[in-house]
Amino acid sequence: MSPSPPLLLLLCAVGATAAAVPRYREAPHFTNSAAAQCPPPLPPSNADAACSPHAAVHVAMTLDASYLRGTMAAVLSVLRHASCPESIYFHFIASATATKATAEELRATVRASFPSLAFRVYPFADEARVAGLISTSIRGALDRPLNYARSYLASTLPPCVRRVVYLDSDIVLTDDIASLAATPLPGEETAVAAPEYCGANFTAYFTPGFWASPALSSTFAGRRACYFNTGVMVLDLARWRRAGYTAQIEEWMELQKRVRIYELGSLPPFLLVFAGRIASVDHRWNQHGLGGDNYRGLCRGLHAGAVSLLHWSGKGKPWDRLDAGRPCPLDAVWAKYDLLRPAAGIESS
Ligand SMILES: *[C@@H]1O[C@H](CO)[C@@H](O)[C@H](O)[C@H]1NC(C)=O
């Protein structure tokens, strides 16, 4: 006897919940350019390779089910435009509270689309600790503990990794990441490099109460503090560890739990510790705000100047707008790297 229609529906529903992660297509393989004097290619998925002197660039990103599609596109864009794609090591931080099956599924998804990628997935060991420190912000998505993983890279990645490029999941590169990774970090204490925006209204990132308190606002005394976006940063983890910057960030988060000093998520503590103390990066490396604002996700255009990296920061994500059939004009750039759709012109270089 064949199953009756209701039973068939039930079977389909069960099948759908089991396949939580959609099937991504395999990315083209990108090889080291003969002209670029690259080191020998890294072995795929070998934890020891993280400490290999042949790892020319280290990249850190988060990995979770809700932003997976963004992460996959970002990785493809990094490889596509790198002169030494086989010498890049990816460090993915995944939620430690995700089930083993979910973590394995995420790892397997990356492996299936990038069979020769050198990467490792780390559970976010400080997740429970940071969850206790998070205060509610203006946008729920900013309050995920994994959003704070960038503050814990120094303790999450092995001590052999000194310099790392941290990337949000809602970005695509259109240029060689080696140029970004080579940003000079002058001085013995500079641990962060990022594009600075001194024209942005820095006052607006903190509450009137913060500015009214000399004890608090004097933290910026003597610093030329400018806004920077924490979605694209070059970090010197050796200096970070030495200076104990994670503890400094946590101190501000603890204060925020008692006195409201800002409204956004992981960004303000970074500004409190680092604004005015970072190495500058050309604005081309973070054309941010393409997701619109934190409330409505309007379409935004590029800022003036060159473009090496597009960043859909803000509420609107290109994959959501494409799926909804209401993409913004620049979402077409992101769509070229979307591994959930058929190949659209991103072939091996
Ligand atoms: C900067 O932001 C603060 C706080 O939101 C506001 O009071 C001030 O008028 C703004 N300044 C400028 C120049 O827009």
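Modeller: This is a predicted model, in which local features need pLDDT of at least 70, side-chain atom pairs count only at pLDDT 80 or more, and totals for chains, interfaces and linings use all residues. Residues are numbered from 1 along each chain as its sequence is written, and side-chain values use heavy atoms, with hydrogens and water left out.

Colleague: Why is strand β1 (residues 57-63) called mostly covered?

Modeller: Buried means under 20% relative accessible area (exposed is over 50%, partly exposed in between; 1.4 Å probe, protein chains only). In β1, 7 of its 7 residues are buried, so the description follows from that definition. A strand here is a DSSP run of E with at least two residues, numbered from the N terminus; a helix is a run of H or I with at least four.

Colleague: What makes both faces of β1 count as covered?

Modeller: In a regular strand the side chains alternate between the two faces of the sheet. Val57, Val59, Met61 and Leu63 are buried on one side, as are His58, Ala60 and Thr62 on the other.

Colleague: What joins β1 to strand β4 (residues 163-167)?

Modeller: The parallel strands β1 and β4 are joined by 2 bridges, with Ala60 opposite Tyr166 in β4.

Definitions and conventions: Pairing = 2+ DSSP bridges.
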